[in-house]
Amino acid sequence: MVDKIDRKLLSLLQEDSTLSLQSLADAVNLTSTPCWKRLKKLEDNGIIRGRVTLLDGDKLGSGLIAFMFIKTQQHNKQWYQDFVSLIHELPEVMGCYRMSGQYDYLLRIQIADMKSYDALYKKLVEGISGLTEVTSSFAMEEIKYTTAIPLNL
């Protein structure tokens with residue numbers, strides 16, 4: 001169970017994962033050892049999945065964000081495994097979701113430009129059979145982006 005102190009620790013880490021153990025402990029009125037034990041438990045339980053540094057795609061030459069919507073008539077285990085395997089081989093695919101509704105899958109792609117997107121598109125449609133529709137929308141402006149999960153402190 002995650003209590004109020006755990007939520008505060010998680011909130012602080014979502015804002016800045018480089019905070020020292022002592023800074024975290026001070027922020028939640030604990031000493032270092034109990035704070036470390038809480039963090040270790042959160043990691044062991046899979047609540048903390050990892051600690052990363054967020055990068056600016058525009059400044060690194062990967063400023064085009066595309067959302068690809070995919071329909072398929074293939075819903076067998078082997079097709080799914082092949083699809084998942086290919087998706088994991090494409091580093092430009094930042095997120096992949098199996099959906100309910102009109103489309104079967106939604107991909108969030110971050111890539112350099114339209115030419116690079118076209119090459120990725122071709123790799124995907126040539127690498128997976130049974131796609132009945134692949135359509136994309138391109139982000140014109142990023143208004144909000146966060147990785148922080150609301151924790152109701």
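Q: UniProt positions are given here in the numbering of this model, and its annotations may be inferred rather than shown by experiment. Which residues does UniProt list for "domain: HTH asnC-type"?
A: First, keep in mind that this is a predicted model. The unreviewed UniProt entry lists residues 2-63 for "domain: HTH asnC-type". In the model, that span is 52% helix and 0% strand.

Q: How do I judge the length of a helix? What span is expected for α3?
A: The expected span is 1.5 Å times one less than the number of residues. Helix α3 covers residues 32-44, which makes 13 residues. From first C-alpha to last, α3 reaches 18 Å, close to the 18 Å expected.

Q: Which residues of α3 are buried?
A: Buried means under 20% relative accessible area, and exposed means over 50%. By that rule, Cys35, Leu39 and Leu42 of α3 are buried. They cover an arc of only 60° around the axis, so they sit on the same side of α3. The face turned away from that buried side carries the exposed residues Lys37 and Asp44.

Q: What covers the buried residues of α3?
A: The cover includes α1 (4-15) and α2 (21-27). Just after α3 comes Gly46, with a positive phi of about 80°.

Q: Take Ser11 in α1. Is Ser11 buried or exposed?
A: Compare its value with the cut-off. Ser11 counts as buried because its relative accessibility is 17%, and buried means under 20%. Then look for partners beyond four places in sequence. There, Ser11 is in contact with Leu151 and Leu153.

Q: Now α4. How many residues does α4 have, and which of them are buried?
A: Helix α4 runs over residues 77-89 and has 13 residues. It reaches 19 Å from first C-alpha to last, close to the 18 Å expected. The buried residues are Trp79, Phe83, Leu86 and Ile87. Seen down the axis, they fall within an arc of 100°, so they line one face of α4. The face turned away from the buried side carries exposed Lys77, His88 and Glu89.

Q: What do the buried residues of α4 pack against?
A: They pack against β1 (64-72), β2, β3, α5 (114-127) and β4 (131-138). Check the start of α4 too. There, a side-chain oxygen of Asn76 comes within 3.2 Å of the backbone nitrogen of Gln78.

Q: Why does Asp82 count as partly exposed?
A: Asp82, in helix α4, has 39% relative accessibility and so counts as partly exposed. Sequence distance is a separate reading. Asp82 and Ser129 are 47 residues apart along the chain, yet their C-alpha atoms are separated by 9.6 Å.

Q: How do I read a strand pair? In which sense do β2 and β3 pair?
A: In a regular strand, side chains alternate between the two faces of the sheet. For the pair itself, look at direction and bridges. Strand β2 (residues 93-98) and strand β3 (residues 105-111) pair in the antiparallel sense, over five bridges. Their hairpin has six residues between the strands, and Gly101 takes a positive phi near 100°.

Q: Which residue stands opposite Tyr97?
A: Tyr97 of β2 faces Leu106 in β3. Beyond four places in sequence, Tyr97 touches Asp104, Tyr105 and Leu106. Its relative accessible area is 48%, so Tyr97 is partly exposed.

Terms used: Residues are numbered from 1 along each chain as its sequence is written. This is a predicted model: local features need pLDDT of at least 70, side-chain atom pairs count only at pLDDT 80 or more; totals for chains, interfaces and linings use all residues. Side-chain values use heavy atoms; hydrogens and water are left out. Two strands pair if DSSP finds at least two bridges between them. Helices (H or I, at least four residues) and strands (E, at least two) are DSSP runs, numbered from the N terminus. Buried means under 20% relative accessible area, exposed over 50%, partly exposed in between (1.4 Å probe, protein chains only). The arc is that of the directions from the helix axis to the C-beta atoms. Contact means heavy atoms within 4.5 Å. A polar contact is a pair of N or O atoms within 3.5 Å; within protein, one must be able to donate a hydrogen and the other to accept it, and residues adjacent in sequence count only if both atoms are side-chain atoms.
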